[in-house]
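Open your viewer and get the selection tool ready. We will take a short walk, one selection at a time.

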Amino acid sequence: LGTVADLGSGAGKFCVAAALFGGCRFTGLEQRPRLVTAARNLAQLFQVDDRVRFIAGAVGEAATPRADAYYLYNPFGENLYPPSAQLDNEVELSQARYDRDVAAVEDLLRGVPLGTYVVTYNSFGGRLPSGYDEVRVARDLPAVLRMWRKTREPRKPRGPVPAPKA
């Protein structure tokens with residue numbers, strides 16, 4: 001693999017830690033600008049900022065980075081938490097936002113090239129489109145870690161059935 005995108009990267013821990021142990025390039029997409037700043041500082045501190053970058057924006061609204069693999073650690077769950085459990089009120093958090101974000105990731109994954117990997121930890125709230133095969137699953141962690149690979153194009157939805165002729 002050459003590139004990995006972390007959708008909902010937060011303060012950048014995954015991208016920076018993974019870059020310390022491998023040669024891939026990482027891109028984190030995070031909706032909170034202050035967390036993007038913290039993530040960039042972390043990458044610089046650990047001297048991986050030549051292979052790790054962070055983009056401020058939300059899934060479905062910002063240009064989602066193209067990558068060989070996508071990592072999703074329950075990035076939209078905060079939308080479903082009560083206000084007392086949310087990080088802050090700087091971004092929209094709602095059921096509607098959750099539904100939009102999940103749908104945006106499902107659309108993204110439908111369109112990526114064959115051979116693309118998807119890794120989820122504690123899910124992302126949606127379903128992978130048809131065409132993905134599960135490669136590995138680890139259930140002995142605090143949450144389930146899964147890896148899939150896109151091996152075939154998703155089935156096309158069938159069009160409307162023509163009305164019978166009278």
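Start by selecting Pro33, Gln44 and Leu45, which are exposed on the other side of α2 from its buried residues. Here exposed means over 50% relative accessible area, buried under 20% and partly exposed in between, with a 1.4 Å probe and protein chains only. Helices are DSSP runs of H or I of at least four residues and strands are E runs of at least two, numbered from the N terminus. You are looking at a predicted model, in which local features need pLDDT of at least 70, side-chain atom pairs count only at pLDDT 80 or more, and totals for chains, interfaces and linings use all residues. Residues are numbered from 1 along each chain as its sequence is written, and side-chain values use heavy atoms, with hydrogens and water left out.

Next, pick Leu35, Val36, Ala39 and Ala43, the buried residues of α2. Turn the view to look down the axis: these residues fall within an arc of 105° (taken from the directions from the helix axis to the C-beta atoms), so they line one face of the helix. Now show what covers them, including α1 (13-21), β2 (25-30) and β3; step past α2 and you reach glutamine 47, with a positive phi near 55°.

Last stop: threonine 64, in the loop between β3 (52-56) and β4 (69-72). Threonine 64 counts as partly exposed because its relative accessibility is 24%. Leaving aside residues up to four places away in sequence, threonine 64 touches Leu7, Tyr70 and Leu108, a contact being heavy atoms within 4.5 Å.
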